[in-house]
Every structure is written in C-alpha cells, then in structure tokens.
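I have the sequence and the model open side by side. These are my notes on what I looked up, in the order I looked.

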Amino acid sequence: MASEFIRSLVTVSLSQQLAPLEPAVESFINTTDTSSLYITVINDELVAKSQFTPSPTVTLVFFKHGAPAKVSSVSQIGFLSIPPSSSDDDSSDSPLFSTLQSLNQNTFVPSISSLYSTSSSADDNLSNFTNTMRDLNSVIDHLKRAANVPTVNLLPHPTIISLLSASAPSLDPTAPLDSPLDVNTFDASSILSSDETLNSIQSTVNVWIKDITKLTSLTTTTPFPNDANEVPIHSATISVLKQAKRFVTTTALENNTHLPTALEYTADVNSFLQNFPIKALLSSTDLPSLTKANVQMFQHYPKVRNSKNYDLYRLAKLLESTTEALRDQIITILKSQNVMTTPIAAFQSLDSELTNLFSTWDADYKKFTTFFLEQYKRRGRLTTSTSPNAPTTTPLQLLK
C-alpha cells in the first residue's frame with residue numbers, strides 16, 4: 001500500500017513512472033535508518049535523494065511520522081511538495097523557505113489557534129508556542145529577502161606567505177590593513193630584485209581589486225574577512241610593492257576599489273536602519289500590539305534626516321514594503337480569530353481595534369507626507385543615484 005501511494009503521487013505530480021526508483025522506495029519503506037525521501041526530475045530523469053537539493057521541477061518529499069521505522073501503512077507516511085527553483089530566485093533555498101513559510105502561516109498557526117480558541121486547556125504555553133511560530137515566519141521572511149552577497153577570498157601570493165612565515169615572531173597580527181610594514185625587517189632582497197616575482201605579486205593585487213569591487217559596488221559589507229591572521233598578508237603585500245615602487249598597483253588598490261567610500265556609505269545607511277522596529281511588527285500577535293508597532297515605525301522614519309545616503313525614494317519604498325507587511329500581518333491575525341464564528345461582543349472588540357489601527361495609520365501617514373515633502377524641499381531631489389535609469393517621479397506621485 002505504501003509503495004502504491006508513493007507511485008500514484010509520482011505519476012500524478014511528476015508525470016513519471018516510478019519503476020526506475022523502486023529500490024530506493026523499498027529501502028525507504030523497509031529500513032529504520034531512513035526518515036525521508038526526495039523525488040524529483042533532473043534532465044528528464046526521475047531522481048531519488050535522501051536530502052533536498054534545488055531542482056528545476058517540483059520536488060516530492062515523503063517522510064515518516066515519528067521515529068524512523070519500517071512502514072506498514074500509508075498513515076505512517078507524510079507528504080509535501082517543494083516548488084521548483086528558478087534562475088530568478090535570489091537564493092537556491094528560496095523554494096524551501098517558501099514551503100516552510102506556507103506550512104507555518106497557512107496550516108500550523110491557524111489550525112492550532114482554531115483548535116484551542118474555545119478550549120479551556122489554552123494557556124500561556126500555547127500562546128508562547130503560537131508567538132514562536134509567528135516569529136519563525138518573520139525569520140523566514142528575512143532569509144528570503146536577504147541580499148545574496150558574493151563571497152570574496154583574497155588569495156595571498158605564495159612568496160608573501162613564505163616571507164611572513166620566516167618572520168612570524170616579529171609581526172603584530174592585530175595591525176590594521178594600512179599600517180606600514182618595513183620590509184627591511186624581512187629578508188625581501190630576493191623579491192625586490194626580481195621583476196618576475198614582483199610582476200606576479202602585482203597580478204595578485206590586480207585580482208584583489210576586481211574581487212573587492214564586487215562587494216564595494218554593493219555597499220553592503222567590508223571586503224576583508226574578519227580574521228586577524230590575514231591582515232599581515234595583505235599589509236606585507238602592499239608594503240613589498242611600495243618598496244619596489246609599484247605605485248600604480250598600490251594606488252589602484254587604495255583608490256579604485258572605492259573601499260573607503262563604500263564603508264562610509266554602509267555606516268551611514270546602517271545608522272538609520274539598524275534600529276528599525278520591523279521585528280515588532282512581524283511578531284505582533286494581536287491588533288493592539290500591531291498598532292503600537294506601526295506607531296514605532298512612523299516615529300522612526302524621520303530619523304532619515306540624519307542620513308545623507310538613504311535617499312527619499314528608498315524611504316518611500318521602505319514605507320511601501322512595511323505597509324504591505326502590515327497588511328499581511330493584519331490578515332494573519334484575523335485568520336487566527338475565526339471572525340465569522342466569533343461571539344458578537346468579541347467581534348465588536350476586534351472591529352474597534354481594527355478601526356483604531358486604520359485611524360492611527362491614516363493620521364501618521366499624513367504627518368509622514370508633510371515630513372517627506374519638507375525633506376524634498378531641503379534636499380532638492382528624491383534619489384542620490386546618478387544613473388540614467390534613476391526614478392523620475394515627483395514626490396506626490398511616489399506617495400500615492
């Protein structure tokens with residue numbers, strides 16, 4: 001029965017015959033050391049795996065309820081599907097996050113809330129559990145929206161590694177990148193007199209410049225790993241090239257990567273965003289707490305006046321995205337309240353709380369609009385971008 005159940009789902013969902021995977025299915029059913037089975041189609045072939053990997057087609061997941069054991073009936077098998085990955089996904093894990101979020105938001109939280117809404121056994125533990133599930137939804141949202149920042153590994157030149165290894169006792173591993181290192185304290189004569197070696201080191205630094213620029217163009221992070229042991233390698237490399245008067249390369253590393261500008265930009269924007277109270281909104285479990293979180297966000301927006309890089313266009317888009325999050329949170333809360341079957345007194349209380357939320361939002365939005373237009377008059381522009389694709393809308397069009 002269990003194998004027939006899996007066979008029918010594979011046939012319907014993936015339009016494939018299960019025959020090539022019969023051994024894998026039988027192993028899943030009849031062994032105690034396998035708890036899940038992932039079936040998908042890759043390059044027109046049906047594939048079975050023991051763990052999830054992104055696939056261009058739907059992935060069917062079969063899992064055993066409870067501890068892994070031999071399957072004797074269909075009731076012991078759980079089933080779900082994970083959407084296909086696409087080239088547009090910011091992360092290859094995006095379908096997995098979406099599936100987890102759907103199960104959490106549309107199944108577990110509403111079901112548990114409905115089950116215990118009229119039960120006398122509901123207590124603080126249940127409330128805490130429901131809040132934790134909503135927190136999980138917020139975390140998944142963050143993971144889905146996180147920027148896909150490329151990893152940069154600045155590979156050192158072997159000659160520099162050898163040089164530092166021989167002089168390790170005299171080095172300060174906490175020295176900053178731009179601190180001067182006197183290569184005369186090393187035995188670097190063979191390096192300084194060899195054009196071939198210097199050209200090779202110079203090529204290494206040119207690669208660094210390209211890799212660093214990948215990050216500084218994003219202005220989201222510092223390019224150097226947070227590892228004190230790597231600092232002397234970079235410092236020694238720069239010092240050797242300066243001693244050899246290879247100033248074109250060292251100047252390019254210092255200026256063409258735009259690292260100082262990127263770090264300044266990041267610090268400025270982070271000063272505005274680091275305390276933004278979005279978590280309070282996304283973790284709200286009732287309308288009064290949602291109203292309070294909404295007020296906190298509107299109180300935070302004016303702090304943008306202290307940032308010269310977080311422009312008004314991005315501020316308007318931030319308001320737009322947080323308002324969408326507010327809408328989604330309202331829907332989630334109302335779904336958990338079983339509005340259509342709630343007693344009239346509770347319904348009237350809920351209606352009053354919702355009206356208060358909308359009224360508060362309207363009042364705060366009017367104040368925000370006034371602030372936004374005043375800032376536009378002071379700055380004289382909506383965006384700091386000089387790109388030809390920069391938005392050309394007016395402030396009032398943007399706020400509609």
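**Entry 1: a serine in a loop**

I began with S284 and listed its contacts. Leaving out residues up to four places away in sequence, S284 touches R134, S289, L290, A293, Q329 and I333. I note that this is a predicted model. S284 sits in the loop between α11 and α12. Is S284 buried or exposed? Its relative accessible area is 4%, under the 20% cut-off, so I logged S284 as buried. I then checked where its side chain goes. The side chain of S284 reaches the backbone oxygen of A280 at 2.6 Å.

**Entry 2: helix pairs**

Next I looked at α12 against α13. The two helices pack at an angle of about 175 degrees, and their axes are 11 Å apart. An angle over 145 counts as roughly antiparallel, and α12 and α13 are therefore roughly antiparallel to each other. From α12 I listed L287, L290, N294, M297 and F298. They meet L319, T322, L326, Q329, I330, I333 and L334 in α13.

Then I took α13 against α14. Here too I read an angle of about 175 degrees, with the axes 12 Å apart. That makes α13 roughly antiparallel to α14. On the α13 side, the residues that meet α14 include L312, L315, A316 and L319. On the α14 side, those that meet α13 include W361, Y365, F368, F371 and F372.

**Entry 3: nonpolar cores**

I asked which residues touch the most other members of the largest nonpolar core. They are L281, L290, Y301, L315, F368 and F372, out of 33 residues in that core. α10 (259-273), α11 (278-282), α12 (287-300), α13 (312-336), α14 (344-379) and α15 (395-399) each supply at least two of its residues. The largest share comes from α13, with nine residues.

Not counting residues up to four places away in sequence, F372 touches L312, L315, A316, L382, P395, L398 and L399. I also found a second, separate core of 18 residues. Among its members are I6, F28, V41 and L60.

**Entry 4: the sheet**

I moved on to the strands. What is their order in the open sheet of four? I read β2-β1-β3-β4, with antiparallel pairing. β2 and β4 (77-82) are at the edges with a single partner strand each, so one side of each has no neighbour in the sheet. Neighbouring strands are turned by 20 degrees against each other on average, direction ignored. Helix α1 (residues 2-14) packs on this sheet and touches β1, β2, β3 and β4. The direction of α1 makes about 160 degrees with that of β3.

**Entry 5: strand β1 and its partners**

I finished on β1 (residues 36-42). It is mostly covered, with six of its seven residues buried. With β3 (residues 59-64), β1 pairs in the antiparallel sense over four bridges. I traced Y38 across to its bridge partner in β3, V61. With β2 (residues 45-49), the pairing of β1 is antiparallel over five bridges. There I42 stands opposite E45 in β2. Last, I checked the turn of this hairpin. The hairpin of β1 and β2 has two residues between the strands, and N43 takes a positive phi near 55 degrees.

Note on methods. Residues numbered from 1 in each chain as written. Predicted model: local features only at pLDDT ≥ 70, side-chain atom pairs only at ≥ 80, totals over all residues. Heavy atoms only, no water. Core = buried A, V, L, I, M, F, W, Y, C linked by side-chain atoms within 4.5 Å. Buried < 20%, exposed > 50% of the residue type's maximum accessible area, 1.4 Å probe, protein only. Contact = heavy atoms within 4.5 Å. Polar contact = N/O pair within 3.5 Å; in protein donor to acceptor, adjacent residues only side chain to side chain. Pairing = 2+ DSSP bridges. Axes fitted to C-alpha atoms, helices over the stretch in contact; angles between N-to-C directions. Parallel < 35°, antiparallel > 145°, perpendicular 65-115°, else oblique.
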